[in-house]
Amino acid sequence: MASPNNFEVDLEETLFGKLVEVETPEENTFLTNIAKQERIDIRLGMIDAFVEGKWVYLSSLKALTFTNWSWGNPDNLFNQDCATLASYKKYKWDDEDCTEQRNFVCERLIGSGS
Ligand SMILES: [Ca+2]
Ligand SMILES: [Ca+2]
Ligand SMILES: [Ca+2]
C-alpha cells in the first residue's frame with residue numbers, strides 16, 4: 001500500500017500517535033481506501049463537542065481544513081459530536097454518538113527532526 005510521505009498509518013501501534021485527523025483530500029482518499037479494503041468504519045479525530053456545529057481537530061482544536069460529509073450530515077441527531085468515515089454512507093463522513101464504537105487509525109509524523 002502506498003503511503004503519502006507526511007504521515008503513516010498504523011492500525012495497532014498507538015504509541016506516540018493520535019487519532020487520525022483528515023486535513024486534505026489526499027489523506028481522505030488514503031483512509032477511504034483502507035476502510036473499503038477492510039470493510040470498516042473509521043472514527044476520525046474531529047469533534048464538535050465544545051461548540052455545537054463548530055468542528056475542530058481533536059489535537060489542535062483548530063477548524064477543519066477539509067470535509068467530506070455525507071448528504072444531510074452533520075445532522076447532530078441526538079447530539080452527535082464525533083466524526084466517522086462511514087461505510088454505510090458510501091464512505092463519506094457521518095457525525096455519530098461518541099459512544100458508538102468504531103475502528104480507528106492512528107497517525108504520526110515520520111522523519112521529523114524536531
Ligand atoms: Ca492528518
Ligand atoms: Ca454535534
Ligand atoms: Ca449524523
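The following legends describe close-up views of one predicted model.

Residues are numbered from 1 along each chain as its sequence is written, while chains are lettered from A and ligands numbered from 1 in the order in which they are written. As the model is predicted, local features need pLDDT of at least 70 and side-chain atom pairs count only at pLDDT 80 or more, whereas totals for chains, interfaces and linings use all residues.

**View 1. Overall arrangement of the protein chain.** The protein chain has one helix and eight strands; helices (H or I, at least four residues) and strands (E, at least two) are DSSP runs, numbered from the N terminus. Along the sequence they follow the pattern β-β-α-β-β-β-β-β-β. Of the 114 residues, 23% are buried. A residue is buried if 20 or more other C-beta atoms lie within 10 Å of its own, exposed if 12 or fewer, and partly exposed in between, with C-beta atoms placed from the backbone.

**View 2. Strand β5 and its two partners.** Strand β5 spans residues 82–86, and five of its five residues are buried. Cys82, Thr84 and Ala86 lie on one side, with Ala83 and Leu85 on the other. Strand β3 (residues 42–47) runs antiparallel to β5 and is joined to it by three bridges; strands pair if DSSP finds at least two bridges between them. Strand β6 (residues 92–96) also pairs with β5 in the antiparallel sense, over five bridges.

**View 3. The hairpin of β5 and β6.** Five residues lie between the two strands of this hairpin. In the turn, Lys90 has a positive phi of about 55°.

**View 4. The largest nonpolar core.** This core has 14 residues, and those with the most contacts inside it are Val20, Leu31, Ile42, Leu44, Ala83 and Leu85. Two or more residues each come from α1 (25–38), β3 and β5, and β5 gives the most, with four residues. A nonpolar core is a set of buried Ala, Val, Leu, Ile, Met, Phe, Trp, Tyr and Cys residues joined through C-beta atoms within 7 Å. In soluble globular proteins, nonpolar side chains tend to be buried together.

**View 5. The surroundings of Asp95.** Asp95 belongs to strand β6 and counts as buried because it has 25 C-beta neighbours inside 10 Å. The C-alpha atoms of Asp95 and Ser70 are separated by 9.2 Å, although the two are 25 residues apart along the chain.
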